[in-house]
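Let's take a walk through this model together, one part at a time. Please keep the sequence and the 3D view open as you read.

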Amino acid sequence: MIDTHAHLDLADFDHDRQDLFIKMREQGITGAIIPGINELQWQKQIAIATEFNCYFALGIHPWYIPTNIEKSLTLLEQKISKYQNNDYFVAVGECGLDKLKPEFTMQLELLSGQLELANQFNLPVILHGVKCHQELCDLLAKHPNSKGGVIHGFYGGPELAKRYIDLGYKLGIGGLLMNPNAKKLRKTIIEIEIKHFLIETDSPSMTPFNSTEKRNTPLQIPNFVTEIANLQKKTTVFILERLNENASQLFEL
């Protein structure tokens, strides 16, 4: 199994990254998809993905709005072009919208440009969406992508889930699932078929509320698989097989 969304290139892992990968593989977690966040981090991200046999995506996160969007999109296009035939490069992202952050109009412009690049290079998209689902759905409808993508960190109910699914997107499920008060999300897991989900952690963020560790890591993945299996009343083997199939299909792993 792989963690389909883990920022293992961040400084939080600089002191023990190698040990973490050893522990991951001991648990059967063979790797991760490392999403991009901004142009300053891309090269470190690619180097770490290469060193540890991980997949990676390239994008600009809505928390890191550049001063010159056009220039940054051109740099992103050049980087994608350089790596488009690299076996580890799988998607455009992490990109998206976040109403808890400023400059929402600029976020829309930046995301539109990245959706266009995904179509240009025939790649799926890894999307971040917070408090902006109407705007995000509208934008995805304007930029249909035959490869689809994933709504990372999905936390909504079945109706919202079906809207994204109808647009061709899978739903990234992580630590929020472990909170018994996440009733909408847990209802989604019960009602929506497993073929529409991916498993992820967003490490080092989104640590499950019941974790004794402050930092999230891909080592939490087996706990999420078990919880999905319990909610769907399936075996963990069945759930894990389907989740692996979903990731392989979407990202052509």
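Contact here means heavy atoms within 4.5 Å. Helices (H or I, at least four residues) and strands (E, at least two) are DSSP runs, numbered from the N terminus. This is a predicted model, in which local features need pLDDT of at least 70, side-chain atom pairs count only at pLDDT 80 or more, and totals for chains, interfaces and linings use all residues. Residues are numbered from 1 along each chain as its sequence is written, and side-chain values use heavy atoms, with hydrogens and water left out.

Let's begin with helix α1. A residue is called buried under 20% relative accessible area, exposed over 50%, and partly exposed in between (1.4 Å probe, protein chains only). Just after α1, glycine 28 takes a positive phi of about 85°.

Now for the aromatic rings. Rings of Phe, Tyr and Trp (its six-membered ring) pair if their centres lie within 6.5 Å; planes under 30 degrees apart count as stacked, over 60 as edge-to-face and the rest as tilted. The structure holds five aromatic pairs. One of them joins phenylalanine 21 and phenylalanine 52, stacked at 4.4 Å centre to centre with 10° between the planes. This pair links distant parts of the chain, 31 residues apart: phenylalanine 21 is in helix α1, and phenylalanine 52 is in the loop between α2 (42-51) and β3 (55-58). Phenylalanine 21 is buried, with a relative accessible area of 2%, and phenylalanine 52 counts as buried at 9%. Phenylalanine 154 and tyrosine 164 form an edge-to-face pair, 6.3 Å centre to centre and with 90° between the planes. Phenylalanine 154 lies in the loop between β6 (149-152) and α6 (158-166) and tyrosine 164 in helix α6, so the pair ties together parts that are 10 residues apart in sequence. Both phenylalanine 154 and tyrosine 164 are buried. Elsewhere, Phe56, Tyr83 and Phe89 form one aromatic cluster.

Helix α6 also holds proline 158, which counts as buried at 10% relative accessibility. Leaving aside neighbours within four places in sequence, proline 158 is in contact with Lys184, Lys187, Thr188, Glu191 and Ile192. Proline 158 and glutamate 191 are 33 residues apart in sequence, and 7.0 Å apart in space, C-alpha to C-alpha.

Let's finish with threonine 4, in the loop between β1 (2-3) and α1 (17-26). Is threonine 4 buried or exposed? Threonine 4 is buried, with a relative accessible area of 4%. Leaving aside neighbours within four places in sequence, threonine 4 is in contact with Ile33, Leu198, Ile199, Glu200 and Ala247.
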